[in-house]
Amino acid sequence: MSIMDTFNGALTLNQRVFAEMRDSADGVRRGFLLILLVGLLVGAIQSISNLISIVNPEQAVNEVLAVYRQTLEQQRATATTPEQREVLRLLEESEEEIGNMLRELFTLSGPLPRPVSLILQALGQTVSTPFTYLSNMLLAVIFTHIAARQLGGQGGIRSMVAVGSLSVAPHALDALTFIPVLSLPISLIAWGWGLIILVSGTAVVHRLDSGKAMLAVLLYPSLLIVLGIFLSCFLIVVLVALAGAGA
Amino acid sequence: MESLAYLVRLSTAGLLLDVNTFRSQRDNPYALREGFLVVLMVGILVGIAGLIGNLLSRLASPDPLATLAIVQRSLERMALVVELQRINPDFSLDPVFSQLATTFSILQWSGVIGALITPFVYLLGWLIYGIVAHLTARALGGEGTLAQTLGCTALASGANLLAIAQIIPFVTVAGTTLLGLIGCYIGLRTAHQLSAWRAFWAALLGPILLGLLLLVISCGGVAVLVAAAQGS
């Protein structure tokens, strides 16, 4: 089965493709190849998009200064004391100097010519993207596999990695996130679609029903989120108590 | 003497979680020697790739000291800093930026040094992890020998082959540790004929102990800093 057939089969939740990836001796290789291709595609488009914005330093400086002015506006709305307003006035006067600093920094280059440096940075970003997808996939697969085994699943980790790699396929949509308005919806669609593929894949690998497969996928991430919330609340309580004791 | 192609095939099998190769390695009388060579070869390849990538990224990046000089010069001209200096004539950014310059000068060489010691770090990590995992696996009912354990866990270092991508500057490599742990789990399960859960705990105990050790050292470091601050 070609990589494109595997890619299409993953997107359409083709159970035959999932079963073949589970049972194939080179399932992990094909899964990693899919992650590599999707990652390079997304990375290349995103790095070209960044390159276009970096090539024109003045545009990048103006964007940073716009964010700076917006932040000061927000702070001015909440400033209540004369000292705070004085600090904000001084920060506003510093805008031109910040702009000059950014222009100097953006045009500063190393021993290699600037175009070569920019291309190497773009290449680095392109090649880093598959690794991001790989590490996220492995983390999700490990948690899912542990939970699935606890719920009575019979699959092996190698099959889980092979089939779990298919959940990266919808992230080809991330290539379109350079479009400002569509960035968030596209990311959510890709993430949700990948989650569905992971659930379906878990059911195939571990021979579980959809409910248990869904529980296996969501169990440990949910527990970690709840634990994170409790720890954050505890930390806030401790900090408030320390601040109160200090005062 | 094992050929380079054979060692590459072994390490690639570890990267791709080929269970059959793990089984063959378990029954291989030369598993320990071949495992050592696999880890060494991967370490050398990754080290060389890291060295080249680090040098290229330094050539493609502006001089950090020049960057710091621009930032300091601009900050000293800003209205906020000028006003602070008017209020307090002793206020100066020089100590902060001097310290930053010293730090950057040291960090510039850390990448090169890290790349050069990679093979030794990989070998040491493999040996320490392998011994801890072997003792744990045996305690959990495992049947393998130390040579089988080390021979099989050496294949898991194939996951580090992905780090060769560092030859391209500015690349961030991720996922190799998780993939290596999965490889170690498969290796331990194969070498010791353990059940899934026992192999899981045998594979995880080493990293858990390391995490606890780092936590203790961090807490100790923070305690020392707090005591020093209170003392001064």
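**Exercise 1.** In this predicted model, determine which residue of chain A forms a salt bridge with Arg73(B), and how far apart the closest N and O atoms are.

*Solution.* The partner of Arg73(B) is Glu104(A). The closest N and O atoms of this pair are 2.9 Å apart, and the criterion for a salt bridge is a distance within 4 Å. Across the interface of chain B and chain A, two salt bridges are found by the rule.

**Exercise 2.** Characterise the side of chain B that touches chain A by its elements and by residue class.

*Solution.* Step one is to list the elements that give two or more residues: helices H3 (31-60), H4, H5 (79-87), H9 (176-192) and H10 (196-231) of chain B. Step two is to identify the main contributor, H4(B), which gives the most, with seven residues. Step three is to sort by class: 30 residues are nonpolar, five are polar and four are charged.

**Exercise 3.** State the extent of the interface in residues, area and polar pairs.

*Solution.* In terms of contacts, 39 residues of chain B meet 37 residues of chain A. The area buried between the two chains is about 3,300 Å², and carbon and sulfur atoms give 79% of that area. Six residue pairs are in polar contact across the interface, both residues being at pLDDT 80 or more.

**Exercise 4.** Decide whether Thr6(A) is buried or exposed, and describe its surroundings.

*Solution.* Thr6(A) belongs to helix H1 (residues 3-11) of chain A. Its relative accessibility is 0%, so Thr6(A) counts as buried. A polar atom of the Thr6(A) side chain lies 3.0 Å from the backbone oxygen of Ser2(A). Leaving aside neighbours within four places in sequence, the contacts of Thr6(A) are Met1(A), Val17(A), Met21(A), Arg30(A), Leu34(A) and Leu166(A).

**Exercise 5.** Repeat the analysis for Thr153(B): is this residue buried or exposed, and which residues does it touch?

*Solution.* Thr153(B) is located in helix H8 (residues 146-156) of chain B. Thr153(B) counts as buried because its relative accessibility is 4%, the cut-off being under 20%. Leaving aside neighbours within four places in sequence, Thr153(B) is in contact with Trp126(B), Tyr129(B), Gly130(B) and Leu188(B).

Definitions and conventions:
Residues are numbered from 1 along each chain as its sequence is written. Chains are lettered from A and ligands numbered from 1 in the order in which they are written. This is a predicted model: local features need pLDDT of at least 70, side-chain atom pairs count only at pLDDT 80 or more; totals for chains, interfaces and linings use all residues. Side-chain values use heavy atoms; hydrogens and water are left out. Helices (H or I, at least four residues) and strands (E, at least two) are DSSP runs, numbered from the N terminus. Buried means under 20% relative accessible area, exposed over 50%, partly exposed in between (1.4 Å probe, protein chains only). Contact means heavy atoms within 4.5 Å. Buried area is the accessible area (1.4 Å probe) that two parts lose on being put together, summed over both. A salt bridge is a side-chain nitrogen of Lys or Arg within 4 Å of a carboxyl oxygen of Asp or Glu. A polar contact is a pair of N or O atoms within 3.5 Å; within protein, one must be able to donate a hydrogen and the other to accept it, and residues adjacent in sequence count only if both atoms are side-chain atoms. Ala, Val, Leu, Ile, Met, Phe, Trp, Tyr, Cys and Pro count as nonpolar, Asp, Glu, Lys and Arg as charged, and the others, Gly among them, as polar.
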